[in-house]
Amino acid sequence: MRLIGLSLLLLAAGLFVSFGGDPLGAVLFRLDPGILNLAQAVVQRYLLPMLWDDVLLPVLEAPAFVAPAVLGGALSFFGWMRARG
Amino acid sequence: MHILKFRRFSLPESQVTPEALVFNRRQAMAVGAGMLAASPALAQQAGLPPAMRNTRYVPGRAITAEREVTTYNNFYEFGSHKTISAAAQRMPMRPWTVKVEGMVENPRDYGIEDLLARMPLEERVYRLRCVEAWAMVVPWTGFPLSALMAEVKPLSSARYVVFQTATLPSVMPGLRQSWYPWPYTEGCTIAEAANELSFMVVGAYGKLLPPQNGGPIRFHQPWKYGFKAGKSIVTIRLTDQRPVSFWEKIQSQEYGFWANVNPAVPHPRWSQAQERMLGTGETVPTLLFNGYGEFVADLYTNLQRERLWA
């Protein structure tokens, strides 16, 4: 768990260095312009429209490094807690 | 000899509405007018001037139920799903201004009411074919784009007409996706714009065009896939530069500039050979140019090197 957490923190650092504060959505759009449209169509048409607007869109609007940083930080913390016993 | 000649508007005396019914109807209309004055939403619905149906354009299919057409919508600014009609009601329909600019002799801003009053409104029943392989038949009210062009007078250097949709971040959640190339932009050639089928739509089913269908004003070229028809238009620009449309910038392999309907050219992810009719669910064969080839095929005779079908 700690290894995954540290990997995500490294990824977050890399994203920060490469893209600064650019939103995750903008970074993904630059890498593949069609990927988010497809993802949105699948989520909103086959799952739940609000899942995109209220859950995924805020993540995509945040700077690209935030999601891996938060997730990596949490995993590292819980991994450290578990290691302490 | 007295020759009786039947005219299309002739009616036998037996079909004349009795006087009492006529006057009762006037009373009912007076009551209705009072209700409209009290309700802004209803008053807005009353704002579409009467328009005669143009019988030159025969859809060859039954008109789709109004409820289906007004509750199953593609309007990406409100989401990628089909049930955006409730969210779209938050879009203010008045005041609304359409700016006509660029390579024209008479650029000007039209208030929507001004357009409704000035343009030659008529009703046309057109087929609409979505690139997603569903279709509908709608009685649109509107005016030929050529009527608007006649007022603004395109310069001889103008080659394309570009349409831009309103950007209203406070009511359009899709605009939060700042990485997309908003505003929604579409366009056509000046020759396509001049074609008699090119239609500016301000109403449907005899009512003002509702927001979810692109109100208060949208474009429609029935021989093209529906995404070519810009909704809730605020800018019409004439230019000598071919526009790169919204979807072209995002997925050019799937959504091109021309996007003429052709059952023989599949979308990269599905066949275009057939279409599902909204409402009935019936599957019917798709027609070349959505069945409007006799009106538009000539536009493309010298463009065979272009990617005309996607």
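Two strands count as paired here if DSSP finds at least two bridges between them. With that in hand, here's a look at this predicted model, starting with chain B.

**Strands in chain B**

Strand E10 of chain B, residues 233–239, pairs with strand E1, residues 97–102, in the parallel sense. In that pairing B:Gly102 sits opposite B:Leu238 of E10(B). E10(B) also pairs with strand E5 of chain B, residues 160–165, but in the antiparallel sense. There, B:Thr165 has B:Ile233 in E10(B) as its bridge partner. Side by side, the two pairings look like this:

| Strand of chain B | Partner | Sense | Bridges |
|---|---|---|---|
| E1 (residues 97–102) | E10(B) | parallel | four bridges |
| E5 (residues 160–165) | E10(B) | antiparallel | six bridges |

**Two helices in chain A**

Over in chain A, helix H3 covers residues 35–47 and helix H4 covers residues 49–61; their axes come within 6 Å and cross at roughly 130°. From H3(A), the residues in the contact are A:Gln40, A:Val43, A:Gln44 and A:Leu47, and they meet A:Pro49, A:Leu51, A:Trp52 and A:Leu56 of H4(A). Sorted by class, this contact has six nonpolar residues, two polar ones and no charged ones.

**Where the chains touch**

Between the chains, 15 residues of chain A are in contact with eleven of chain B. On the chain A side, the elements giving two or more residues are H2 (24–31), H3 and H4. H3(A) gives the most, with five residues. By class, the chain A side splits into seven nonpolar, five polar and three charged residues.

Methods
Residues numbered from 1 in each chain as written. Chains lettered and ligands numbered in written order. Predicted model: local features only at pLDDT ≥ 70, side-chain atom pairs only at ≥ 80, totals over all residues. Axes fitted to C-alpha atoms, helices over the stretch in contact; angles between N-to-C directions. Contact = placed C-beta atoms within 7 Å. Nonpolar A, V, L, I, M, F, W, Y, C, P; charged D, E, K, R; others polar.
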